[in-house]
Amino acid sequence: MLHPDRFFDPDPAIRRVARALYEETRTLPLICPHGHVDPAILATNDAFPEPTALLVIPDHYIFRMLYSQGVPMEALGIPTRDGTVEERSPRMIWRVFASHYYLFRGTPTGIWIDAELHDVFGVKVKLTGETADRVYDEIAEKLASPEFRPRALFERFDIEVLATTDAASDLLPHHQAIRASDWAYGARRVVPTFRPDAVLRIARPSWPHELAALERAHGAPITSFEAFLAALAERRRYFQALGATATDHAVLEPWTARQTPETMEALFQQARRGEATAADQRTFEAHLLIELARLSTEDGLVMQLHPGSWRDHNAPIAARYGPDKGADIPVATEYTRNLQALLAAHGNDPRLTLILFTLDETTYARELAPLAGHYPALKLGPAWWFHDSLEGMRRYREQVTETAGVYNTVGFNDDTRAFCSIPARHDLARRVDANWLAGLVARHQLDLADARELARALAYDLARTTYKFDRT
């Protein structure tokens, strides 16, 4: 059983207030403004095939931990780049996962999966090697029922808005299908997010293919940098027509620097000839971030910036299995100097909302909180990825709030591919925030009325307002 006071402070004075604050927020609808759920599952509403395909294979948090302990990727059914799958038995993969489930003790992944098994699927035994088949069969039986179809779970989870993440060249057929469907509850609640990263990475061998995909989506050749910008602007409008309120951008470093039109045209033509270098790409992205911020001042899309992840650090694994296989590692990240050019151009513009994320916790109090505590356009995203955890959320609140306050942050987002973990992630965040606020009440830094307002803001209001869902 999951303890009703889990994650609350053992001090009874704090725990009592935390429990009361949590009770007021736990049933609020879920605002999911940034995530990676595949919209196809909601467009087709097909039954999930079985527990392993739903809970294990898509979750890089799971297989990165197992791989670190010597479990080969092949044993987890992870396909290679050419589509080869060595272990095809879902039950065998589940048994491997269950027999290693002890590895997740004390981790956020363990917290989420415990909550999924207990709250979503009603499993009342611990997952171990001995209980693996019993738990598998219990989940598989439920997945076969109409109550566990994706749309039914979406409604059961009380998701008010779910934003996906989609390439700039995506024609968004699944979003179109959802909107055209007879699903009255969800037809307007699933929205895309514009992510143009692939067409900005001009030094990658895949860039010509990405540009060609953008041309097809745009419906016209893109032979100049000016045409490239126009295509991005047009695609953003297309996304907005299907409900998008935000863009998303991932970079290794958040360097911004304005270039001349001549420089950008020369870089674009070098890329078209296949001659762009890593240094060229760095310069190209640095200017494009400023241009994309400008576009946001014009079309109103919220701009999210996710820097500081060295993607696919384990090169042999990336070569064999492809990207996003758990080998993304944080790097130290500087914001104050790197973002100065963008903020000088647009940081004072009330039409821009720029949400910053970080994987470098050392920047919370030194850089991010002071920047967000000054620039009107700037907001801080929640503790992200490796820090989306019990202690990571607490550290974030403690280091950011004194300088930036609460209202220069944006609440919580679940940032997940694992659809069934969404309620568990929001529940953890609401418990952590209730406990943090309860500590302020116990120290008489806040009165209870103010704490109640802040608890609701952190759980619901800030995400809804910042991402402009209150206007849709």
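Predicted model: local features only at pLDDT ≥ 70, side-chain atom pairs only at ≥ 80, totals over all residues.
Residues are numbered from 1 along each chain as its sequence is written, and side-chain values use heavy atoms, without hydrogens or water. Local features need pLDDT of at least 70 and side-chain atom pairs pLDDT 80 or more, while totals for chains, interfaces and linings use all residues.

Reader: What is the volume of the largest pocket?
Author: A pocket is an open set of points on a 1 Å grid over the protein atoms alone, where a 1.4 Å probe fits, with protein on both sides within 12 Å along at least five of seven lines. Volume is the space filled by probe spheres set on the points, which are joined across faces, edges and corners. For the largest pocket that gives about 1,500 Å³.

Reader: Which residues lie nearest the centre of the largest pocket?
Author: Lining residues have an atom within 4 Å of a point. The largest pocket has 50 of them. Nearest its centre lie Arg195, Arg201, Arg204, Arg311 and Asp324.

Reader: Which element gives the largest share of the lining of the largest pocket?
Author: Helices (H or I, at least four residues) and strands (E, at least two) are DSSP runs, numbered from the N terminus. Elements giving two or more residues to the lining include H4 (60–68), H11 (207–218) and H14 (278–299). The largest share is 6 residues, and it comes from H14.

Reader: How many residues of that lining are charged?
Author: Asp, Glu, Lys and Arg count as charged; Ala, Val, Leu, Ile, Met, Phe, Trp, Tyr, Cys and Pro as nonpolar; the others, Gly among them, as polar. The lining has 19 nonpolar and 11 polar residues. Its charged residues number 20.

Reader: Why is H11 oblique to H12?
Author: Axes are lines fitted to C-alpha atoms over the stretch in contact, with angles from 0 to 180 degrees between N-to-C directions. Under 35 degrees is roughly parallel, over 145 roughly antiparallel, 65 to 115 roughly perpendicular, and the rest oblique. The axes of H11 and H12 (residues 225–241) come within 10 Å and cross at roughly 60°. That angle makes the pair oblique.

Reader: Which residues of H11 meet H12?
Author: Contact means heavy atoms within 4.5 Å. On the H12 side are Phe228, Ala230, Ala231, Leu232, Glu234 and Arg235. The H11 side has Leu211, Leu214, Ala217 and His218.

Reader: Is the crossing of H17 and H18 left-handed or right-handed?
Author: A crossing is left-handed if the near helix is turned anticlockwise from the far one by less than a right angle, and right-handed if clockwise. The axes of H17 (residues 363–372) and H18 (residues 390–404) come within 8 Å and cross at roughly 45°. Their crossing is right-handed.

Reader: How many charged residues has the contact of H5 with H7?
Author: The axes of H5 (residues 90–99) and H7 (residues 132–143) cross at roughly 125°. H5 passes H7 in a right-handed crossing. By class, the contact has 7 nonpolar residues and no polar ones. The charged count is 4.
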